[in-house]
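Please look over the sequence and the structure shown here before reading on.

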Amino acid sequence: MNDRRRTGATVAPPMAERFGFDPTHGYTLGGLLEVGTPEEPRDFDAFWAGIAAEADAIELAIGVGAWSPLPDAPGVEVADLQFRSLDGLWIGGWVTRPRGGAAPARGFVVGHGYGGRDAPDVSDIPADAVAVFPVARGLPTRSEVEGVGGETGLHHVLWGIRSPREYSHIGSVVDTWISARVLRMLFPGLGAPVYIGGSFGGGIGTLALAFGDRFSAGVLEVPSFGNHPLRVAVRSTGSAGVVREYLVEHPEAMETLRYADAATAALRVSAPVLVLPALADPSVPPQGQFAVANALGGPTWVHVLPHGHCAGGDGCDASGREDAVAGFLADFARV
């Protein structure tokens, strides 16, 4: 793979009628490839160095349940997982391994979208690999926090937003880092795992990849939280829309968001990455996704999707997504 390779879609399908607004926000592929990063805080690296030091100082405490066959995944076993993370919160999730007791060839940490998860999905995980599927703090179904999420709770994207150190996304990155430590503790001898995540998990994963050597490679699909000023300037159905409304009365919150900007973090990513941004997306504005893709600092394969968060139905097309992920993991993410 060259230092930067691009494949995939070049034109977005017409989707304005489906969503009630134009989810391209007027951008063509050419315009998206020119999107840059926002101005960053002068102490951005120092801030994250402090967070990393806090994360590394956490005494690892884990709980693993009984192993059992994973439904609909022949050859895979699963166990419930809990571990302690930043500020003493217990994070829940699952760990999977190949059946039969063979030593795993490599490891993965798999993120998720803003809906959380209620089970592991091993569709992207090679048969010879082990994986941890954490649920980020405050999200269902394994890491819920009272007062966060649900119909009456504070939206996760606003949790702690008055302070960079207290912001939910900062803690979610630490949860991801600790997941990598947990995996290597459970399976000694593994190298640094590969990270896979989309949407919320794509943005958090970018931040997690940016600092240290906890991950050897990454797959970031329709990554969120890139270039916050551009994200909140347009209509969307995702978390950016919630933040956009909040900023009307609390413009000072943008200062916190600057420390959790995935595009700013992407400049620090040196590991090989497959990034799959979308030309049209009602939930995560494409300009934010491409801000991440354009800024990635290491060997990068950009596979462009025609749309993201399409949720099935007419016009929804994976457009080579599975082949791109499998090809990247087979050829460029060996550990």
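## Basis

This is a predicted model, in which local features need pLDDT of at least 70 and side-chain atom pairs count only at pLDDT 80 or more, while totals for chains, interfaces and linings use all residues. Residues are numbered from 1 along each chain as its sequence is written, and side-chain values use heavy atoms, leaving out hydrogens and water.

Helices (H or I, at least four residues) and strands (E, at least two) are DSSP runs numbered from the N terminus.

## Helix H4

Helix H4 covers residues 168-186 and has 19 residues. From first C-alpha to last it reaches 27 Å, close to the 27 Å expected at 1.5 Å a residue; the expected span is 1.5 Å times one less than the number of residues. In H4, 15 of the 19 residues are buried (under 20% relative accessible area; exposed is over 50%, partly exposed in between, with a 1.4 Å probe and protein chains only).

Met185 lies in H4 and is partly exposed, at 47% relative accessible area. Beyond its neighbours within four places in sequence, Met185 is in contact (heavy atoms within 4.5 Å) with Leu60 and Ile62. Met185 and Ile62 are 123 residues apart along the chain, and their C-alpha atoms are separated by 9.6 Å.

## Strand S11

Strand S11 (residues 300-304) has 5 of its 5 residues buried. Thr300, Val302 and Val304 point one way, and Trp301 and His303 the other way. In a regular strand the side chains alternate between the two faces of the sheet.

S11 pairs in the parallel sense with S1 (residues 4-8) over 5 bridges and with S10 (residues 273-276) over 3 bridges; pairing requires at least two DSSP bridges between two strands. Arg6 stands opposite Val302, and Val273 opposite Thr300.
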